[in-house]
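Open the model in your viewer and keep the sequence panel beside it. We will go from stop to stop, selecting a few residues each time.

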Amino acid sequence: MEVMCHASSFLLPHPQPQPQEPREDAPPPAALTYAVIVLNQRLPRFAPLLWNRAQLRVCADGGANRVYDDMPELFPDQDPQEVRLRYTPDVIKGDLDSIRDDVKDFYLNLGVRVVDESHDQDTTDLHKCVAYVSNSALVEDKSKLCILVVGALGGRFDHEIGNINVLHRFSNLRIVLLSDDCLIHLLPKTHSHVIHVQLPVEGPHCGLIPIGAPSACTSTTGLQWNLSDTAMSFGGLISTSNVVKEDKVTVSSDADLIWTISIKKPIKE
Ligand SMILES: Nc1ncnc2c1ncn2[C@@H]1O[C@H](COP(=O)(O)OP(=O)(O)OP(=O)(O)O)[C@@H](O)[C@H]1O
Ligand SMILES: Cc1ncc(C[n+]2csc(CCO)c2C)c(N)n1
């Protein structure tokens, strides 16, 4: 089975190339092209870092209000209008029932594409934005695309589950859902997985959760409580409050699993 590598190096202020391990059968993580999607929740503190790392920046409807309101708050010593000009989205998309008129006018005047998809009341604004990024000409090879979604966890439970549903709906894409506290992504059953844990910024708490379908057989290495051809299901065993013990975690399963890992708080000076 093909190996898929994962590394949250987008959270590192100065990403280092992954160590090469010539002995290993796993290839190093591919060089990825990032897109960021901002949802309608308070911006996490590392939003500017992800924004600068991304080559396409999309706001899901009211996510535009958050970029407009919260980005200047993350740079309290700077002129708010200059911050807004520096952090201008490429596209705003959704059913546009949450973006404020003043925010819409501000970005329209800057030439931002504002796409009204209010005719579609069956898919969420996040779904619409992921479909847009996936169809964009950003990368030819979708396996080299990684979509970072900020403000996706916590908040309203229906939204949160809707956001997780998008991971399953687009299981052929690399999509990472982030909050200030943790990140989650899918480990598709089509691959075995090597997760290069970025210990300065993430861990140690982690989980492996069979959302969508039970697993008859999951195996892991690198965790405090490893699984060995173990079954997992809702109502049965799921792995929460697990702990990363090595900087490389491996997972293989007969079901799509959600991987989640905590994000470390910055040390206060
Ligand atoms: N409280 C929340 N918790 C988690 N995600 C949220 C929350 N609020 C909004 N989102 C995400 O941000 C996107 C945009 O939200 P917004 O508030 O602009 O519109 P909405 O009308 O509530 O969402 P939708 O049209 O998708 O139902 C949503 O599609 C969802 O993915
Ligand atoms: C069974 C069912 N439940 C809820 C909705 C409503 N809905 C789903 S996604 C969305 C957001 C549109 O931007 C809305 C309003 C529906 N259509 N079908």
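Start with Asp 229. Asp 229 sits in the loop between strand E11 (215-221) and E12. Helices (H or I, at least four residues) and strands (E, at least two) are DSSP runs, numbered from the N terminus. Is Asp 229 buried or exposed? Asp 229 counts as exposed because it has 10 C-beta neighbours inside 10 Å. The cut-offs work like this: 20 or more other C-beta atoms within 10 Å of a residue's own make it buried, 12 or fewer make it exposed, and anything in between is partly exposed, with C-beta atoms placed from the backbone. Now check the backbone angle. Phi of Asp 229 is near 50°, a positive value in a residue other than glycine.

Before moving on, a note on what you are viewing. This is a predicted model, in which local features need pLDDT of at least 70 and side-chain atom pairs count only at pLDDT 80 or more, while totals for chains, interfaces and linings use all residues. Residues are numbered from 1 along each chain as its sequence is written, and chains are lettered from A and ligands numbered from 1 in the order in which they are written.

**Next stop: Ser 241**

Select Ser 241, in strand E13 (residues 239-243). Its phi is near 50°, a positive value in a residue other than glycine. Ser 241 is exposed, because 9 other C-beta atoms lie within 10 Å.

Then select Gly 203 and Pro 204. A cis peptide bond joins Gly 203 and Pro 204, with omega about 5°. Pro 204 belongs to strand E10 (residues 202-209).

**The open sheet**

Five strands make an open sheet, in the order E1-E9-E14-E11-E12, with mixed pairing. Two strands pair if DSSP finds at least two bridges between them. Which strands are at the edges? They are strand E1 (3-7) and strand E12 (230-232), and each pairs on one side only. From one strand to the next, the twist averages 30°. For such angles, axes are lines fitted to C-alpha atoms, for helices over the stretch in contact, and angles run from 0 to 180 degrees between N-to-C directions.

Zoom in on E1 and strand E9 (residues 192-196). The two run parallel, joined by five bridges. Val 3 stands opposite Ser 192 in E9.

Stay in E9 and pick Val 194. Val 194 is buried because it has 24 C-beta neighbours inside 10 Å. Val 194 and Thr 250 are 56 residues apart along the chain, yet 4.6 Å separates their C-alpha atoms.

**Two domains**

Colour residues 31-180 as domain 1 and residues 181-269 as domain 2. These bounds come from an automatic or database domain assignment. The domain centres, taken over C-alpha atoms, are 25 Å apart. Across the boundary, 11 residues of domain 1 are in contact with 12 residues of domain 2. In contact means that C-beta atoms, placed from the backbone, lie within 7 Å. On the domain 1 side, H6 and strand E7 (174-178) each supply at least two residues. E7 gives the largest share, four residues.

Select E7. Five of its five residues are buried, so E7 is largely enclosed by the rest of the structure. Arg 174, Val 176 and Leu 178 lie on one side, with Ile 175 and Leu 177 on the other. Strand E6 (residues 145-150) runs parallel to E7, with five bridges between them. Leu 148 has Val 176 as its bridge partner in E7.

Leu 186 is buried, because 24 other C-beta atoms lie within 10 Å. Beyond its neighbours within four places in sequence, Leu 186 is in contact with Leu 167, His 168, Ser 171, Asp 256 and Ile 258.

**Last stop: the ligands**

Select ligand 1. How many residues surround ligand 1? There are 21, and the closest are Leu 39, Asp 61, Gly 62, Ser 98 and Gly 155. A residue is near a molecule or strand if its C-beta atom, placed from the backbone, lies within 6 Å of it. Helix H5 (125-135) and helix H6 (157-169) are the elements that give two or more residues to this shell. H6 gives the most, with four residues.

Finish at ligand 2. Around ligand 2 are Asp 95, Gln 121, Asp 122, Thr 123, Thr 124 and Asp 125.

Terms used: Contact = placed C-beta atoms within 7 Å.
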